[in-house]
Amino acid sequence: MKLSGGAYKLELFLPEEYPMAAPKGPKLGRICLDILKDKWSPGLQIRTVLLSIQALLSAINPDDPLSQQCCKAPEG
């Protein structure tokens with residue numbers, strides 16, 4: 001599954017503790033990306049975060065959704 005032709009808005013905020021703390025955003029908590037959670041390292045750069053998000057969007061895994069409800073096929 002691939003998302004193509006869409007436009008996506010991403011807001012990324014750097015906390016005062018950056019680079020010791022991971023970037024934040026109003027929706028970043030909803031992205032299943034380990035480097036934004038328990039795998040963050042001060043050695044990582046914003047470029048790495050953006051490339052990881054790009055890779056995540058280009059290789060969608062419908063078998064491992066953030067929300068099971070969103071991935072259910074409509075009945076009928």
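Me: Does W40 count as buried or exposed?
Reply: W40 has a relative accessibility of 13%. The label follows from cut-offs on relative accessible area: buried is under 20%, exposed is over 50%, and partly exposed is in between, with a 1.4 Å probe and protein chains only. With its 13%, W40 therefore counts as buried.

Me: What kind of model is this?
Reply: Residues are numbered from 1 along each chain as its sequence is written, and side-chain values use heavy atoms, with hydrogens and water left out. Local features need pLDDT of at least 70, side-chain atom pairs count only at pLDDT 80 or more, and totals for chains, interfaces and linings use all residues, since the model is predicted.

Me: How many helices does the protein have?
Reply: Helices (H or I, at least four residues) and strands (E, at least two) are DSSP runs, numbered from the N terminus. The protein has zero strands. Its helix count comes to one.

Me: How many residues make up the largest nonpolar core?
Reply: Such a core is a set of buried Ala, Val, Leu, Ile, Met, Phe, Trp, Tyr and Cys residues joined through side-chain atoms within 4.5 Å. W40 is among the members, along with A22, I31, L33, I35, L36, L44, V49 and I53. The number of residues in this core is nine.

Me: How is the ring pair of Y18 and W40 classed?
Reply: Rings of Phe, Tyr and Trp (its six-membered ring) pair if their centres lie within 6.5 Å; planes under 30 degrees apart count as stacked, over 60 as edge-to-face and the rest as tilted. By this rule there is one aromatic pair. The ring centres of Y18 and W40 are 6.2 Å apart and their planes meet at 45 degrees, so the pair is tilted.

Me: How many residues apart in sequence are the parts that this pair ties together?
Reply: Y18 and W40 both lie in the segment before α1. Y18 is partly exposed, with a relative accessible area of 25%. The pair ties together parts whose separation in sequence, in residues, is 22.

Me: Is the peptide bond from Y18 to P19 cis or trans?
Reply: Most peptide bonds are trans. From Y18 to P19, omega is near 15 degrees. That bond is cis.

Me: Which residues does P19 touch, leaving out those up to four places away in sequence?
Reply: P19 is in the segment before α1 (46-58) and counts as partly exposed at 33% relative accessibility. The C-alpha atoms of P19 and P42 are separated by 4.9 Å, although they are 23 residues apart along the chain. Contact means heavy atoms within 4.5 Å, and P19 touches W40 and P42.
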